[in-house]
Amino acid sequence: MKKIVVIGPESTGKSTLSEQLAAYYKTSWVPEYAREYLLQYGTNYTYDDLLTIAKGQLALEESYIEKAKASKLLFIDTDQYVMKVWCEFVFGKCHPWILDQITKRKYDLYLLCNIDLPWTKDALREYPDLEPRKQLYSIYKTILSNQSVPWVEISGNYDERLQKGIQAVNDLFLK
């Protein structure tokens with residue numbers, strides 16, 4: 001099974017792209033656990049809450065890996081890099097457990113969603129201003145540039161993003 005992670009700043013279409021790609025390839029996608037957690041417990045989260053969210057994301061991912069074993073592809077909305085960025089951006093530090101998971105988890109492709117979509121207000125979103133969005137995008141791009149897994153930048157409108165995602169997956173796995 002090939003695992004494709006969709007990452008990037010908030011409000012960049014990660015969940016939409018994950019869902020669309022899974023539908024296109026007739027497979028599963030792992031939703032972002034943080035949304036479920038924050039809806040249940042509120043948005044006044046702590047540093048320790050982010051560790052709980054990180055562990056919840058991995059547990060959710062593992063449950064989908066088990067369900068999708070027969071499938072060739074699994075799309076994952078958010079991974080531990082997102083948790084690292086979130087911890088460091090908000091609290092200036094990252095839990096060692098998250099850093100350890102980054103080295104242990106293996107993925108096959110990253111799709112980095114650009115900030116060129118219009119901001120969509122959402123009760124869980126924190127950074128509507130362009131400057132923090134640019135800063136966060138730059139952090140993700142630097143992370144992906146300094147690791148060994150292939151990655152593709154995803155930009156444009158929703159249809160263009162889907163087409164770029166399909167092209168990236170086909171180029172890497174379905175030659």
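I started with strand β4 and found both faces covered: Leu109, Leu111 and Cys113 on one side and Tyr110 and Leu112 on the other are all buried (under 20% relative accessible area, with exposed over 50% and partly exposed in between, using a 1.4 Å probe and protein chains only). Five of the five residues of β4 are buried. In a regular strand, side chains alternate between the two sheet faces.

I noted that the model is predicted, so local features need pLDDT of at least 70 and side-chain atom pairs count only at pLDDT 80 or more, while totals for chains, interfaces and linings use all residues. Residues are numbered from 1 along each chain as its sequence is written, and side-chain values use heavy atoms, without hydrogens and water.

Next I looked up the sheet. It is open, with five strands in the order β2-β3-β1-β4-β5 and parallel pairing (pairing takes at least two DSSP bridges between two strands; strands are DSSP E runs of at least two residues and helices H or I runs of at least four, numbered from the N terminus). β2 (28-30) and β5 (151-154) are the edges; each has a single partner strand, so one side of each lacks a neighbour in the sheet. The twist averages 20° from one strand to the next (axes are lines fitted to C-alpha atoms, for helices over the stretch in contact, and angles run from 0 to 180 degrees between N-to-C directions).

I then checked the partners of β4. β1 (residues 2-7) pairs with β4 (residues 109-113) over four parallel bridges; Val5 is the bridge partner of Tyr110, and Val6 that of Leu111. β4 and β5 also pair in parallel over four bridges, where Leu112 has Glu153 as its partner.
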